[in-house]
Amino acid sequence: MRGSPHRARALCVGVALFVLGALALATRPMGAAQRLTGALQGAVDLQGRSDESGAQVRIFGPGGYSASTTTDASGAWRFEGLPTGEYRVEIEMERYLDALKVGVWVESGGVTTLSRVKLLGGDCAGAADDDRVDILDMVVIAGVFGSTVGPTTRADINGDLAINVLDVVMTAGNYGLVSPVPWPPSGS
Ligand SMILES: [Ca+2]
Ligand SMILES: [Ca+2]
Ligand SMILES: [Ca+2]
């Protein structure tokens, strides 16, 4: 009884309807896509570095939207084609305290520019930053003080391939601070 003419015809009609439906969807005016025009941008200053590249910027927007990028050498970051709505912005850099901004509004056709935020250095202990500059970070730096190191050595806070007084002074200066660092208000 398998493959009776009746069932086959019903299947054909079903497939035809599905294809027509898909075509209709594909050719429908893209009203939703036309609204994806908001942009969001900002800049990061990595304490103790003149090359501000490598910080990871993640944004979380309406309807579960998310995206990420990294800063360029000037510290700049930018997203385009964003759905209109409210965003959360997180910026992370290895060996640095993180920055966080919530309630960021991105508007259709607009460009939202956040103020430049300075990430503070010294959070280097452990496999991952623990978002706190404390004695554990100082101990890690002291353990290799005076050495020349490779780019992955976490105690090298300022990335100059040496563990010296610059790393110690920065970390000591940020002692007791935790993530997120203060984000200056827009326009400042
Ligand atoms: Ca800097
Ligand atoms: Ca730490
Ligand atoms: Ca260093």
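# Helices, a sheet and a buried leucine

Student: How do α3 and α4 lie to each other, roughly parallel or roughly antiparallel?

Tutor: They are roughly antiparallel (an angle over 145 degrees). This is a predicted model, where local features need pLDDT of at least 70, side-chain atom pairs count only at pLDDT 80 or more, and totals for chains, interfaces and linings use all residues. Residues are numbered from 1 along each chain as its sequence is written, while chains are lettered from A and ligands numbered from 1 in the order written.

Student: What angle do α3 and α4 cross at?

Tutor: Roughly 175 degrees, and the axes of α3 (residues 135-143) and α4 (residues 165-173) come within 10 Å. Helices (H or I, at least four residues) and strands (E, at least two) are DSSP runs numbered from the N terminus. Axes are lines fitted to C-alpha atoms, for helices over the stretch in contact, with angles from 0 to 180 degrees between N-to-C directions.

Student: Which residues of α3 and α4 meet?

Tutor: From α3, Asp 137, Met 138 and Ile 141; from α4, Asp 167, Val 168 and Thr 171. Contact needs C-beta atoms, placed from the backbone, within 7 Å.

Student: Now the sheet. What is the strand order?

Tutor: The order is β3-β2-β5-β7, an open sheet of four strands with antiparallel pairing. Strands pair if DSSP finds at least two bridges between them.

Student: Which strands stand at the edges?

Tutor: β3 (66-70) and β7 (99-106); each has a single partner strand, so one side of each lacks a neighbour in the sheet.

Student: How many bridges join β2 to β5?

Tutor: Five bridges link β2 (residues 56-60) and β5 (residues 85-92). Val 57, for instance, has Ile 91 in β5 as its bridge partner.

Student: What does Ala 55 touch?

Tutor: Beyond residues up to four places away in sequence, its contacts include Val 44, Leu 46, Ile 91 and Leu 119.

Student: And Leu 120, buried or exposed?

Tutor: Buried, with 25 other C-beta atoms within 10 Å; the cut-off is 20 or more. Leu 120 sits in the loop between β9 (117-119) and β10 (121-123).

Student: How far is Leu 120 from Pro 180?

Tutor: Their C-alpha atoms are 9.7 Å apart, though 60 residues separate them along the chain. Leaving aside neighbours within four places in sequence, Leu 120 contacts residues including Tyr 96, Leu 177 and Val 181.

Conventions
Parallel < 35°, antiparallel > 145°, perpendicular 65-115°, else oblique. Contact = placed C-beta atoms within 7 Å. Buried ≥ 20, exposed ≤ 12 C-beta atoms within 10 Å, placed from the backbone.
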